[in-house]
Amino acid sequence: MKLSQESESRIIEMAWEDRTPFEAIELQFGLNESDVIRFMRSHLKLGSFKLWRSRVSGRATKHIKIRSADVSRGYCPTQYKHR
């Protein structure tokens with residue numbers, strides 16, 4: 001599947017976000033978790049990929065089925081502060 005540069009950028013952004021589950025990426029772009037891992041491996045530098053993998057491995061908020069019911073949105077309320 002050929003993705004636009006804008007779509008590739010958005011997938012990377014969503015994958016880095018702590019509260020955006022892999023299921024949301026799959027719903028929007030058709031990439032399941034293993035596809036996202038493969039995508040990130042091919043689009044990030046090795047050090048960035050290793051950092052990302054260590055960050056998302058075991059993170060409950062990246063999976064809808066194991067995340068807390070308290071996490072109801074894709075971002076923390078303090079993430080986007082209006083000035």
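## A buried loop residue

Thr20 sits in the loop between H1 and H2. Is Thr20 buried or exposed? Its relative accessible area is 6%. Buried means under 20%, so Thr20 counts as buried. The model is a predicted one.

Thr20 also has a polar partner. Its side chain and that of Glu17 are joined by a polar contact of 2.5 Å.

## The overall plan

Now step back to the whole chain. The protein has four helices and zero strands. Read from the N terminus, its elements run α-α-α-α.

The protein has 83 residues, and 31% of them are buried.

Helix H1 covers residues 5–16, which makes 12 residues. From its first C-alpha to its last, H1 reaches 17 Å. That is close to the 16 Å expected at 1.5 Å a residue.

Which residues of H1 are buried? They are Ser7, Glu8, Ile11, Met14 and Ala15. Seen down the axis of H1, these buried residues fall within an arc of 130 degrees, so they line one face of the helix. The face turned away from that buried side carries the exposed residues Gln5 and Glu6.

What do the buried residues of H1 pack against? Their partners are helix H2 (22–29), helix H3 (33–43) and helix H4 (46–56).

## Leu31, between H2 and H3

Leu31 belongs to the loop between H2 and H3. Its relative accessibility is 10%, so Leu31 counts as buried.

Leu31 and Ile11 are 20 residues apart along the chain. Their C-alpha atoms are separated by 9.2 Å. Ile11 is one of the buried residues of H1.

## Ile37, in helix H3

Ile37 lies in helix H3. With a relative accessibility of 15%, Ile37 counts as buried. Ile37 and Ala15 are 22 residues apart along the chain, and 9.0 Å separates their C-alpha atoms. Ala15 is among the buried residues of H1.

Which residues does Ile37 touch, leaving out those up to four places away in sequence? The answer is Phe49, Trp52 and Arg53. Phe49 and Trp52 both lie in helix H4.

How many aromatic pairs does the structure hold? It holds one. The rings of Phe49 and Trp52 have their centres 6.0 Å apart. Their planes meet at 40 degrees, so the pair is tilted.

The two residues are three residues apart in helix H4, about one turn of the helix. Phe49 is buried, with a relative accessible area of 7%. Trp52 has a relative accessibility of 0%, so Trp52 counts as buried too. Both residues of the pair also touch Ile37.

Key: Residues are numbered from 1 along each chain as its sequence is written. This is a predicted model: local features need pLDDT of at least 70, side-chain atom pairs count only at pLDDT 80 or more; totals for chains, interfaces and linings use all residues. Side-chain values use heavy atoms; hydrogens and water are left out. The expected span of a helix is 1.5 Å times one less than its number of residues. Buried means under 20% relative accessible area, exposed over 50%, partly exposed in between (1.4 Å probe, protein chains only). The arc is that of the directions from the helix axis to the C-beta atoms. Contact means heavy atoms within 4.5 Å. A polar contact is a pair of N or O atoms within 3.5 Å; within protein, one must be able to donate a hydrogen and the other to accept it, and residues adjacent in sequence count only if both atoms are side-chain atoms. Rings of Phe, Tyr and Trp (its six-membered ring) pair if their centres lie within 6.5 Å; planes under 30 degrees apart count as stacked, over 60 as edge-to-face and the rest as tilted.
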